[in-house]
Amino acid sequence: MSESLVLERVEGRVAILTLNRPKALNALNDALMDALGEALLRYDADESISVIVLTGNEKAFAAGADIAAMKDKTFEEVTREQFITRNWETILRVRKPIIAAVAGYALGGGCELAMMCDMIYAADNAKFAQPEIKLGIIPGAGGTQRLPRAVGKSKAMDLVLTGRMMDAQEAERAGLVARVIPAESLMSETMDAAMLIASMSLPSVIMAKEAVNRAWEGSLTEGVRFERQGFHSLFATHDQKEGMAAFMEKRKADFQHK
Ligand code: CAA
(Lines give C-alpha, C1' and ligand atoms only; values in the text may rest on other atoms or scores of the structure.)
Protein backbone atom coordinates (compact mmCIF):
# COMPACT_ATOMS: atom_id res chain seq x y z
CA MET A 1 0.00 0.00 0.00
CA SER A 2 1.34 3.49 -0.81
CA GLU A 3 2.15 5.77 2.13
CA SER A 4 -0.29 8.59 2.98
CA LEU A 5 0.43 11.96 1.40
CA VAL A 6 -0.48 13.62 4.69
CA LEU A 7 0.56 12.02 7.97
CA GLU A 8 -1.60 12.65 11.02
CA ARG A 9 -0.86 12.66 14.73
CA VAL A 10 -2.80 13.98 17.71
CA GLU A 11 -1.29 15.28 20.96
CA GLY A 12 -3.81 16.46 23.52
CA ARG A 13 -6.10 18.93 21.73
CA VAL A 14 -3.60 19.52 18.89
CA ALA A 15 -3.65 17.74 15.51
CA ILE A 16 -0.34 17.65 13.63
CA LEU A 17 -0.53 17.21 9.85
CA THR A 18 2.72 16.45 8.00
CA LEU A 19 3.01 16.83 4.23
CA ASN A 20 4.59 13.62 3.01
CA ARG A 21 6.05 13.64 -0.50
CA PRO A 22 9.68 13.97 0.65
CA LYS A 23 11.23 12.73 -2.61
CA ALA A 24 9.58 15.63 -4.49
CA LEU A 25 10.29 18.13 -1.68
CA ASN A 26 6.57 17.98 -0.85
CA ALA A 27 5.56 19.39 -4.24
CA LEU A 28 1.82 19.93 -4.04
CA ASN A 29 -0.51 18.02 -6.36
CA ASP A 30 -4.27 17.51 -6.38
CA ALA A 31 -4.11 14.19 -4.50
CA LEU A 32 -2.04 15.73 -1.70
CA MET A 33 -4.25 18.83 -1.50
CA ASP A 34 -7.41 16.68 -1.45
CA ALA A 35 -5.96 14.61 1.41
CA LEU A 36 -4.93 17.76 3.26
CA GLY A 37 -8.34 19.38 2.78
CA GLU A 38 -10.14 16.26 3.99
CA ALA A 39 -7.98 16.04 7.14
CA LEU A 40 -8.32 19.77 7.89
CA LEU A 41 -12.12 19.70 7.67
CA ARG A 42 -12.29 16.51 9.74
CA TYR A 43 -10.20 18.02 12.58
CA ASP A 44 -12.10 21.30 12.32
CA ALA A 45 -15.30 19.34 13.02
CA ASP A 46 -13.70 17.27 15.81
CA GLU A 47 -14.73 18.64 19.21
CA SER A 48 -11.67 17.16 20.90
CA ILE A 49 -9.28 19.28 18.78
CA SER A 50 -8.59 23.02 19.21
CA VAL A 51 -5.48 23.72 17.10
CA ILE A 52 -3.94 22.29 13.93
CA VAL A 53 -0.21 22.35 13.15
CA LEU A 54 0.78 21.95 9.50
CA THR A 55 4.37 21.01 8.75
CA GLY A 56 6.72 19.33 6.28
CA ASN A 57 10.19 17.90 6.83
CA GLU A 58 13.61 19.42 7.61
CA LYS A 59 14.38 20.05 3.94
CA ALA A 60 11.03 21.31 2.70
CA PHE A 61 7.71 22.56 3.93
CA ALA A 62 6.69 22.44 0.24
CA ALA A 63 8.65 23.41 -2.88
CA GLY A 64 5.53 24.59 -4.69
CA ALA A 65 2.93 23.21 -7.04
CA ASP A 66 4.01 20.03 -8.78
CA ILE A 67 5.66 21.30 -11.96
CA ALA A 68 5.70 17.82 -13.54
CA ALA A 69 1.94 17.53 -13.06
CA MET A 70 1.11 20.90 -14.59
CA LYS A 71 3.74 21.49 -17.26
CA ASP A 72 1.65 20.10 -20.16
CA LYS A 73 -1.70 21.51 -19.12
CA THR A 74 -3.47 23.81 -21.57
CA PHE A 75 -5.31 27.03 -20.80
CA GLU A 76 -8.58 25.23 -21.48
CA GLU A 77 -7.70 22.51 -18.97
CA VAL A 78 -6.57 24.77 -16.14
CA THR A 79 -9.66 26.95 -16.58
CA ARG A 80 -12.11 24.04 -16.70
CA GLU A 81 -10.45 22.28 -13.74
CA GLN A 82 -10.23 25.53 -11.76
CA PHE A 83 -6.61 24.50 -11.31
CA ILE A 84 -5.18 25.58 -7.91
CA THR A 85 -8.37 27.16 -6.55
CA ARG A 86 -10.46 23.96 -6.80
CA ASN A 87 -9.03 22.30 -3.71
CA TRP A 88 -6.21 24.54 -2.46
CA GLU A 89 -8.32 26.97 -0.52
CA THR A 90 -10.13 24.40 1.65
CA ILE A 91 -7.75 25.56 4.37
CA LEU A 92 -9.55 28.93 4.44
CA ARG A 93 -12.76 27.16 5.58
CA VAL A 94 -11.14 25.99 8.82
CA ARG A 95 -12.32 27.95 11.85
CA LYS A 96 -9.71 26.66 14.30
CA PRO A 97 -6.19 28.14 14.29
CA ILE A 98 -3.67 26.56 11.94
CA ILE A 99 0.03 27.08 12.65
CA ALA A 100 2.45 26.49 9.77
CA ALA A 101 5.74 25.11 11.14
CA VAL A 102 8.12 25.73 8.24
CA ALA A 103 11.60 24.26 7.86
CA GLY A 104 13.54 24.36 4.60
CA TYR A 105 11.86 25.43 1.38
CA ALA A 106 8.47 27.15 1.28
CA LEU A 107 8.37 28.09 -2.38
CA GLY A 108 5.59 29.09 -4.76
CA GLY A 109 2.46 27.21 -3.70
CA GLY A 110 4.35 26.15 -0.55
CA CYS A 111 4.80 29.76 0.49
CA GLU A 112 1.17 30.44 -0.47
CA LEU A 113 -0.01 27.47 1.60
CA ALA A 114 1.97 28.73 4.61
CA MET A 115 0.45 32.19 4.14
CA MET A 116 -3.06 30.66 4.17
CA CYS A 117 -2.33 29.36 7.66
CA ASP A 118 -2.98 31.71 10.57
CA MET A 119 0.65 32.17 11.51
CA ILE A 120 4.04 30.93 10.43
CA TYR A 121 6.74 29.68 12.78
CA ALA A 122 9.94 29.36 10.79
CA ALA A 123 13.00 27.23 11.48
CA ASP A 124 16.21 29.22 11.10
CA ASN A 125 16.91 27.27 7.87
CA ALA A 126 13.57 28.21 6.27
CA LYS A 127 13.55 29.83 2.84
CA PHE A 128 10.56 31.58 1.30
CA ALA A 129 10.04 32.54 -2.34
CA GLN A 130 7.49 33.08 -5.08
CA PRO A 131 9.67 31.79 -7.95
CA GLU A 132 6.84 31.36 -10.48
CA ILE A 133 8.21 34.18 -12.66
CA LYS A 134 11.17 31.93 -13.47
CA LEU A 135 8.73 29.36 -14.90
CA GLY A 136 6.98 31.86 -17.13
CA ILE A 137 3.91 32.13 -14.88
CA ILE A 138 2.83 34.12 -11.82
CA PRO A 139 1.75 32.89 -8.36
CA GLY A 140 -1.67 31.25 -8.58
CA ALA A 141 -2.70 30.50 -5.00
CA GLY A 142 -2.82 33.98 -3.52
CA GLY A 143 0.87 34.94 -3.53
CA THR A 144 0.44 38.29 -5.27
CA GLN A 145 -2.28 39.21 -2.75
CA ARG A 146 -1.22 37.80 0.61
CA LEU A 147 2.50 38.57 0.29
CA PRO A 148 2.00 42.36 -0.14
CA ARG A 149 -0.40 42.37 2.80
CA ALA A 150 2.23 40.57 4.91
CA VAL A 151 5.46 42.31 3.84
CA GLY A 152 4.33 45.48 2.03
CA LYS A 153 4.23 46.31 -1.68
CA SER A 154 7.90 47.01 -2.33
CA LYS A 155 9.32 43.79 -0.87
CA ALA A 156 6.46 41.72 -2.34
CA MET A 157 7.16 43.22 -5.75
CA ASP A 158 10.90 42.47 -5.32
CA LEU A 159 10.14 38.84 -4.42
CA VAL A 160 7.46 38.22 -7.05
CA LEU A 161 9.37 39.88 -9.91
CA THR A 162 12.82 38.43 -9.19
CA GLY A 163 11.72 35.05 -7.77
CA ARG A 164 14.56 35.31 -5.24
CA MET A 165 14.63 33.43 -1.94
CA MET A 166 14.20 35.18 1.40
CA ASP A 167 15.70 33.58 4.50
CA ALA A 168 13.90 33.16 7.82
CA GLN A 169 15.50 36.22 9.43
CA GLU A 170 14.47 38.50 6.56
CA ALA A 171 10.98 36.95 6.61
CA GLU A 172 10.65 37.73 10.32
CA ARG A 173 11.89 41.31 9.88
CA ALA A 174 9.37 41.75 7.06
CA GLY A 175 6.47 40.44 9.16
CA LEU A 176 5.81 37.26 7.18
CA VAL A 177 6.68 34.93 10.05
CA ALA A 178 5.75 35.19 13.72
CA ARG A 179 8.90 33.59 15.14
CA VAL A 180 12.25 32.19 14.01
CA ILE A 181 13.21 29.07 15.94
CA PRO A 182 16.42 26.99 15.85
CA ALA A 183 15.65 24.17 13.40
CA GLU A 184 16.18 21.44 16.01
CA SER A 185 13.50 22.91 18.30
CA LEU A 186 10.96 23.97 15.63
CA MET A 187 8.42 21.27 16.50
CA SER A 188 8.84 21.41 20.27
CA GLU A 189 8.44 25.21 20.42
CA THR A 190 5.54 25.08 17.94
CA MET A 191 3.86 22.39 20.04
CA ASP A 192 4.34 24.47 23.23
CA ALA A 193 2.52 27.37 21.56
CA ALA A 194 -0.17 25.10 20.08
CA MET A 195 -0.79 23.46 23.48
CA LEU A 196 -0.99 26.88 25.14
CA ILE A 197 -3.60 28.07 22.59
CA ALA A 198 -5.45 24.75 22.95
CA SER A 199 -5.69 25.32 26.71
CA MET A 200 -7.78 28.47 26.09
CA SER A 201 -11.56 28.42 25.64
CA LEU A 202 -12.24 27.22 22.09
CA PRO A 203 -15.16 29.61 21.42
CA SER A 204 -12.93 32.59 22.23
CA VAL A 205 -10.05 31.14 20.18
CA ILE A 206 -12.34 30.80 17.14
CA MET A 207 -13.75 34.29 17.68
CA ALA A 208 -10.25 35.77 18.04
CA LYS A 209 -9.11 34.14 14.78
CA GLU A 210 -12.13 35.44 12.93
CA ALA A 211 -11.73 38.95 14.36
CA VAL A 212 -8.04 39.17 13.37
CA ASN A 213 -8.95 37.91 9.90
CA ARG A 214 -11.39 40.83 9.57
CA ALA A 215 -8.40 43.17 10.00
CA TRP A 216 -6.60 41.25 7.28
CA GLU A 217 -9.50 41.21 4.83
CA GLY A 218 -11.82 44.12 5.50
CA SER A 219 -12.16 47.75 6.59
CA LEU A 220 -11.24 49.07 10.04
CA THR A 221 -14.78 50.22 10.79
CA GLU A 222 -16.32 46.84 9.93
CA GLY A 223 -13.55 44.99 11.75
CA VAL A 224 -13.98 46.95 14.97
CA ARG A 225 -17.76 46.43 14.75
CA PHE A 226 -17.26 42.68 14.30
CA GLU A 227 -14.80 42.58 17.20
CA ARG A 228 -17.24 44.36 19.53
CA GLN A 229 -20.06 41.95 18.65
CA GLY A 230 -17.74 38.99 19.13
CA PHE A 231 -16.50 40.35 22.45
CA HIS A 232 -20.07 40.85 23.70
CA SER A 233 -21.25 37.44 22.43
CA LEU A 234 -18.58 35.60 24.43
CA PHE A 235 -20.37 36.75 27.60
CA ALA A 236 -22.94 34.05 26.67
CA THR A 237 -20.36 31.29 27.23
CA HIS A 238 -19.68 29.17 30.28
CA ASP A 239 -15.96 29.79 29.82
CA GLN A 240 -16.23 33.58 30.17
CA LYS A 241 -17.87 33.12 33.60
CA GLU A 242 -15.29 30.47 34.53
CA GLY A 243 -12.30 32.49 33.24
CA MET A 244 -13.24 35.61 35.17
CA ALA A 245 -14.26 33.70 38.31
CA ALA A 246 -10.92 31.86 38.24
CA PHE A 247 -9.06 35.17 38.01
CA MET A 248 -10.95 36.59 40.99
CA GLU A 249 -10.39 33.40 43.00
CA LYS A 250 -6.69 33.32 42.04
CA ARG A 251 -6.90 29.84 40.50
CA LYS A 252 -6.38 28.32 37.06
CA ALA A 253 -9.44 28.42 34.80
CA ASP A 254 -11.10 25.10 33.99
CA PHE A 255 -12.36 25.78 30.47
CA GLN A 256 -15.07 23.49 29.07
CA HIS A 257 -14.92 24.90 25.50
CA LYS A 258 -18.55 25.97 25.67
N1 CAA B 1 7.42 20.26 -8.58
C2 CAA B 1 7.78 19.00 -8.91
N3 CAA B 1 8.92 18.41 -8.47
C4 CAA B 1 9.72 19.16 -7.68
C5 CAA B 1 9.41 20.47 -7.32
C6 CAA B 1 8.19 21.02 -7.80
N7 CAA B 1 7.77 22.27 -7.46
N8 CAA B 1 10.41 20.95 -6.54
C9 CAA B 1 11.30 19.97 -6.42
N10 CAA B 1 10.91 18.87 -7.11
C11 CAA B 1 11.59 17.58 -7.26
C12 CAA B 1 12.75 17.67 -8.23
O13 CAA B 1 12.28 17.57 -9.56
C14 CAA B 1 13.59 16.50 -7.78
O15 CAA B 1 13.02 15.33 -8.29
P16 CAA B 1 13.99 14.15 -8.88
O17 CAA B 1 14.82 13.71 -7.70
O18 CAA B 1 13.01 13.10 -9.34
O19 CAA B 1 14.80 14.77 -9.96
C20 CAA B 1 13.40 16.48 -6.27
O21 CAA B 1 12.19 17.23 -6.02
C22 CAA B 1 14.52 17.17 -5.52
O23 CAA B 1 14.67 18.47 -6.07
P24 CAA B 1 16.08 19.03 -6.60
O25 CAA B 1 16.93 17.93 -7.12
O26 CAA B 1 15.80 20.16 -7.52
O27 CAA B 1 16.69 19.56 -5.21
P28 CAA B 1 17.71 20.76 -4.98
O29 CAA B 1 18.06 20.69 -3.54
O30 CAA B 1 18.78 20.76 -5.99
O31 CAA B 1 16.85 22.10 -5.25
C32 CAA B 1 14.91 23.53 -5.04
C33 CAA B 1 15.77 22.42 -4.41
C34 CAA B 1 15.69 24.83 -5.09
C35 CAA B 1 13.69 23.71 -4.14
C36 CAA B 1 14.47 23.13 -6.46
O37 CAA B 1 13.94 21.81 -6.42
C38 CAA B 1 13.42 24.02 -7.07
O39 CAA B 1 13.75 25.11 -7.52
N40 CAA B 1 12.16 23.57 -7.12
C41 CAA B 1 11.08 24.25 -7.80
C42 CAA B 1 10.59 25.44 -7.02
C43 CAA B 1 9.49 26.17 -7.77
O44 CAA B 1 9.69 26.67 -8.86
N45 CAA B 1 8.28 26.25 -7.17
C46 CAA B 1 7.15 26.92 -7.74
C47 CAA B 1 6.27 25.97 -8.47
S48 CAA B 1 4.95 26.79 -9.37
C49 CAA B 1 3.76 27.12 -8.21
O50 CAA B 1 3.90 26.82 -7.05
C51 CAA B 1 2.52 27.82 -8.74
C52 CAA B 1 1.59 28.33 -7.68
O53 CAA B 1 1.53 29.50 -7.44
C54 CAA B 1 0.70 27.44 -6.97
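How far is an oxygen atom of the ligand from a polar backbone atom of Ala65? The distance is 2.8 Å, a polar contact in the sense of a pair of N or O atoms within 3.5 Å. The model is predicted: local features need pLDDT of at least 70, side-chain atom pairs count only at pLDDT 80 or more, and totals for chains, interfaces and linings use all residues. Residues are numbered from 1 along each chain as its sequence is written, and side-chain values use heavy atoms, with hydrogens and water left out.

**Ligand site**

- A nitrogen atom of the ligand lies 2.9 Å from a backbone N or O atom of Ile67.
- Glu112 places a polar side-chain atom 2.7 Å from an oxygen atom of the ligand.
- The ligand exposes 980 Å² when taken alone, and the protein buries 62% of that; accessible areas come from the Shrake-Rupley method with a 1.4 Å probe.
- Helix H2 (67–70), strand S6 (105–107) and helix H5 (109–116) are the elements that give two or more residues to the shell around the ligand. Helices (H or I, at least four residues) and strands (E, at least two) are DSSP runs, numbered from the N terminus.
- There are 24 residues around the ligand, and Ala65, Gly109, Glu112, Glu132 and Gly140 come nearest; a residue is near if one of its heavy atoms lies within 4 Å.
- The shell divides into 15 nonpolar, 4 polar and 5 charged residues. Ala, Val, Leu, Ile, Met, Phe, Trp, Tyr, Cys and Pro count as nonpolar, Asp, Glu, Lys and Arg as charged, and the others, Gly among them, as polar.

**Helix H5**

- In H5, 8 of its 8 residues are buried, meaning under 20% relative accessible area, with exposed over 50% and partly exposed in between (1.4 Å probe, protein chains only).
- The buried residues of H5 include Gly109 and Glu112, both of which are among the residues that come nearest to the ligand.

**Sheet**

- An open sheet of 6 strands runs in the order S1-S2-S3-S5-S7-S10, with mixed pairing; two strands pair if DSSP finds at least two bridges between them.
- Strand S1 (6–11) and strand S10 (179–181) stand at the edges with a single partner strand each, so one side of each has no neighbour in the sheet.
- S1 pairs with strand S2 (residues 14–19) in the antiparallel sense over 6 bridges, and Val6 stands opposite Leu19 in S2.

**Met187**

- Met187 belongs to helix H9 (residues 186–198) and is partly exposed at 26% relative accessibility.
- Between Met187 and Lys59 there are 128 residues in sequence and 14 Å in space, C-alpha to C-alpha.

Terms used:
A polar contact is a pair of N or O atoms within 3.5 Å; within protein, one must be able to donate a hydrogen and the other to accept it, and residues adjacent in sequence count only if both atoms are side-chain atoms.
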